[in-house]
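Here is a short report for a first look at this structure. Keep the model in view while reading.

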Amino acid sequence: MNKPTILTKTTAYVKQTLENEGSGHDWWHIHRVLQNARLIGKTEKVDMFVVELAALLHDIADWKMHDGDQEIGAKTARKWLKSLDVDTETIDHVYEIIATSSYKGAHVTDHMSTREGEVVQDADRLDAIGTIGIARAFTYGGHKGSPIYDPTTPPAMHTTAEAYYNGRTHTINHFYEKLLLLKDLMKTQTAKKLARARHAYMEKFLKQFYKEWEGEA
Ligand code: ADP
Ligand code: NI
């Protein structure tokens, strides 16, 4: 099978699988991450076939919804790519990107071992900030039954992935525990630049949010 056919088939598979996902990992998230990845990848020396496959498949199965198997997404992607007879090197590379790219807490080191991985991770993280990031955070919070805000519970800077994943908090804290930290974690020039404007928008949102909370605006 040639590369364009593999990409077309993978797109259809992902679309069908994630069409009705309600926690913020729906098909349109994948669509945006793919667009981001293509844009970022333009100025990077990367294998765009690997980048596009990893972007398409990165949320194919979320362990948070699958009994805590943290590699379920990567495993599901491998199975799919094997069924299309994709070469082993590409499958292993896509597997590694999906298995390692998640955010794991403010003080947990995150490291991608290839530039392709960095492009996909930046692309995914761009979709977690800015106006879309705000919308997704409250969608995820609602899905989990979290309150929008509680001024008596301050954010936590997690030092382990377990603490981050188990932390139950209100959605405004998520901005401090993850979203506002992403700007400085971007690895590529294109993503760094886009992240600055999206970050500024979130700061503006929070400023107005606190004013309205106190009835000052
Ligand atoms: P990633 O794909 O980087 O692993 P997640 O799957 O953890 O991200 O999150 C998907 C979306 O939901 C992101 O936009 C993320 O910021 C948001 N999100 C994750 N955890 C929370 C939370 N505790 N409260 C609100 N939003 C969250
Ligand atoms: Ni994602």
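## The enclosed helix H3

In this predicted model, the buried residues of H3 are Phe49, Val50, Val51, Glu52, Leu53, Ala54, Ala55, Leu56 and Leu57. That is nine of the 10 residues of H3, so the helix is largely enclosed by the rest of the structure. What lies over these residues? The cover includes helix H1 (3-18), H2, H4, H5 and H6.

## The nickel site

Four protein residues supply donors to the nickel ion (ligand 2). His29 and His58 each use NE2, while Asp59 and Asp124 each use OD. These donors lie 2.1 to 2.3 Å from the ion. Along the chain, their spacing reads H-x28-H-D-x64-D.

How are the four donor atoms arranged around the nickel ion? The angles they subtend run from 81 to 170°, and this makes the arrangement irregular. Tetrahedral geometry would need all angles between 85 and 135 degrees.

## How the helices pack

Two packed helices are described by the angle between their axes and the distance between the axes. H4 and H5 pack with their axes 8 Å apart, at an angle of about 160°. That makes H4 roughly antiparallel to H5, since angles over 145 degrees count that way. The crossing of H4 and H5 is right-handed. On the H4 side, the contact is made by Gly73, Ala74, Lys75, Ala77, Arg78, Leu81 and Lys82. H5 contributes Ile91, Asp92, Val94, Tyr95, Ile98 and Ala99.

Helix H5 (residues 88-100) also packs with helix H6 (residues 115-126). Their axes come within 10 Å and cross at roughly 45°. That makes H5 oblique to H6. The crossing of H5 and H6 is right-handed. Here His93, Ile97 and Thr100 of H5 meet Glu116, Gly117, Val120 and Gln121 of H6.

## Two buried loop residues

His25 is placed in the loop between H1 and H2. Is His25 buried or exposed? Its relative accessibility is 11%, so His25 counts as buried. Beyond four places in sequence, His25 touches Leu18, Asp59, Asp62 and Arg136. Asp59 is also one of the nickel donors. His25 and Leu179 are 154 residues apart along the chain, and their C-alpha atoms are separated by 16 Å.

Val46 lies in the loop between H2 and H3. Val46 has a relative accessible area of 17% and is buried, because the limit for that class is under 20%. Leaving aside neighbours within four places, Val46 is in contact with Gly41, Val51, Arg115, Glu116 and Val119. Val51 is among the buried residues of H3. Glu116 also takes part in the meeting of H5 and H6. Val46 and Lys104 are 58 residues apart in sequence, and 25 Å separates them in space, C-alpha to C-alpha.

Asp85 is found in the loop between H4 and H5. Its relative accessibility is 70%, so Asp85 counts as exposed. Most residues other than glycine have a negative phi. Asp85 is not a glycine, yet its phi is positive, at about 60°.

Note on methods
Residues numbered from 1 in each chain as written. Chains lettered and ligands numbered in written order. Predicted model: local features only at pLDDT ≥ 70, side-chain atom pairs only at ≥ 80, totals over all residues. Heavy atoms only, no water. Donors = N, O, S within 2.8 Å, 3.2 Å for Na, K, Ca; no water. Tetrahedral: all angles 85-135°; square planar, octahedral: opposite > 155°, others 65-115°. Axes fitted to C-alpha atoms, helices over the stretch in contact; angles between N-to-C directions. Helix = DSSP H or I, 4+ residues; strand = E, 2+ residues; numbered from the N terminus. Parallel < 35°, antiparallel > 145°, perpendicular 65-115°, else oblique. Left-handed = near helix turned anticlockwise from the far one by under 90°. Contact = heavy atoms within 4.5 Å. Buried < 20%, exposed > 50% of the residue type's maximum accessible area, 1.4 Å probe, protein only.
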